[in-house]
Amino acid sequence: MPSNVIFFVHSKAALLSKVINKKFTLKKNSGDNTLNAIFQVLAWSFRILAHGTFPAKDHEGLDFTHPWRKKHATNALKIFGLLSEIRGDWEMYKNVFNLKGWNDPNCCFRCFASKQDILQCDSNATWRQQRKTTFQHFEQCCSNNVPVSALFSCPGVSLSSFQIDWLHAVDLGVCCDFLGNLMYHVLDKYPGTSQQQRCSAMFRHMQSFYRSASPCNQLDNLTPLMLRKQSKKTSTMGSPKQRASAGEAKALVPFGLVIARLHLQKDDLLESTILAAAEKLNSCYECLSREKFQQELLALKCKEFCVLYSSVSRHFSDGEKKLWVFKPKFHLFQELCEFQGGNPCLHWTYRDEDCGGSIAHTARRRGGANTCLSLSTNMLMKFMGQQLVPQWPAES
């Protein structure tokens, strides 16, 4: 293998939890857990790859005892590696890497915005000038008595290495929230004497849209509970949210624009604002095309959408109806489109999620010892048996 090859890889810690039972992986607010131990070894490996020589000591600083290790110590490794990005959803970032979460007073891991600050989405928002550095993240971890992830010791890894994922933040977050509120708002404009009948009428309209657009992912049904659920704890109605997979939600964005143009009145201030928001969100999705991608356009349409949605949210700010709630993921949407840079389709986790499902299926336990070593060894042996030995250089 040539010595000038640089590997750019990503780490998704959620895959580890599919191989190792979760009871072994996390202890709240503790640096002494299985995942942290794994990351310490992984970080040591990347430090070796960045240096390009075989290590003389193991990850604990102890001399190797194996003859092969002793023989190759400090020899040229002939390959180099860098951890260029880390992908995952917000929950994984919070629970595994102790980044700020949606319930924290400072609810963003990229800036110092609070839950009140994020409602200001325009160019004058104060959080735009309050960017968080990696060192400030370390300070927050120390002040909150939580450990700093060992992955930060990898060469080049910083807070910006943690990519905001479009699939979780937008497809399953912003998009589903907007579509749920929009469909719930126009539901009464469909024929029927009950919500179920009106949902059936809307679904027939949706099927007509599917026949003309032919998207790869389609809903096979639409019920009132798929738009708005009742809380099991308080027996109150929750905030509307379209229940769909990421692919199904993404395919419904143009349909949302269709029903907005059909049912919303342009001479009504509230409905015209919702219509404009539907147009901006659709424009954001159109920007994802690799051929048509424009960073400035995506940032502009995202900001305009969030400003419009925020104004609608303020209209229903009494909190009792729980309609058009502005959630922290809307702010994450702005961070993704305006500050992260690059086409989001280059960083989203669709393939990662498919890989996670495959690994979970391969690692499914069917008896035997339920330990970290046995489960991971079993999965790796099955993986080796299912894959061909890679050839280098790869055939073009």
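**Cavity and helix packing**

Reply: Happy to. The model is predicted, and the residues lining its largest cavity are G88, D89, W90, Y93, F109, I164, D165, H168, A169, K329 and L332.

Me: How many cavities of 30 Å³ or more does the structure hold?

Reply: There is one cavity of 30 Å³ or more. The volume of the largest cavity is about 70 Å³.

Me: Which helices each supply at least two residues of that lining?

Reply: Those are α4 (90-97), α6 (166-186) and α11 (328-340).

Me: And how does the lining divide into nonpolar, polar and charged?

Reply: Six of the lining residues are nonpolar, two are polar and three are charged.

Me: Thanks. Since α6 came up, at what angle do α6 and α9 cross?

Reply: Roughly 150°, with the axes of α6 and α9 (residues 269-286) coming within 12 Å. That angle makes α6 roughly antiparallel to α9. As for handedness, the α6 and α9 crossing is left-handed.

Me: Which residues make that contact?

Reply: From α6 you have W166, V170, D171, C175, F178, L182 and H185, and they meet L270, E271, I274, A277, A278, L281, C284 and Y285 of α9. The residues of this α6 contact with α9 split into twelve nonpolar, one polar and two charged.

Me: Nice. Moving along, within what distance do the axes of α9 and α10 come?

Reply: The α9 and α10 axes come within 8 Å, and they cross at roughly 150°. The two helices are therefore roughly antiparallel to each other, α9 against α10. Here too there is a handedness to note: α9 passes α10 in a left-handed crossing.

Me: Which residues meet there?

Reply: On the α9 side they are L270, T273, I274, A276, A277, K280, L281, S283 and C284. On the α10 side they are L298, K301, C302, E304, F305, L308, S311, V312 and H315. By type, the contact of α9 with α10 has eleven nonpolar, four polar and three charged residues.

Me: Then what about α10 and α11: are they roughly parallel or antiparallel?

Reply: The axes of α10 (residues 295-315) and α11 come within 8 Å and cross at roughly 165°. An angle over 145 degrees counts as roughly antiparallel, and α10 and α11 are therefore roughly antiparallel to each other. Their crossing is left-handed.

Me: Which residues are in that contact?

Reply: Q295, L298, A299, C302, K303, F305, C306 and Y309 in α10 face F330, F333, Q334, C337 and E338 in α11, and these residues meet. The residues in this contact of α10 with α11 comprise nine nonpolar, two polar and two charged.

Me: Let's switch topic. Where does L77 lie?

Reply: L77 sits in the loop between α3 (67-72) and β2 (80-86).

Me: How many residues apart in sequence are L77 and T53?

Reply: They are 24 residues apart in sequence, while their C-alpha atoms are 4.5 Å apart in space.

Me: Setting aside its neighbours within four places in sequence, which residues is L77 in contact with?

Reply: I48, L49, G52, T53 and F54.

How values were computed: Residues numbered from 1 in each chain as written. Predicted model: local features only at pLDDT ≥ 70, side-chain atom pairs only at ≥ 80, totals over all residues. Heavy atoms only, no water. 1 Å grid on protein atoms, 1.4 Å probe; cavity = no way out; pocket = protein on both sides within 12 Å on 5 of 7 lines; lining within 4 Å. Points joined across faces, edges and corners; volume = space filled by probe spheres on them. Helix = DSSP H or I, 4+ residues; strand = E, 2+ residues; numbered from the N terminus. Nonpolar A, V, L, I, M, F, W, Y, C, P; charged D, E, K, R; others polar. Axes fitted to C-alpha atoms, helices over the stretch in contact; angles between N-to-C directions. Parallel < 35°, antiparallel > 145°, perpendicular 65-115°, else oblique. Left-handed = near helix turned anticlockwise from the far one by under 90°. Contact = heavy atoms within 4.5 Å.
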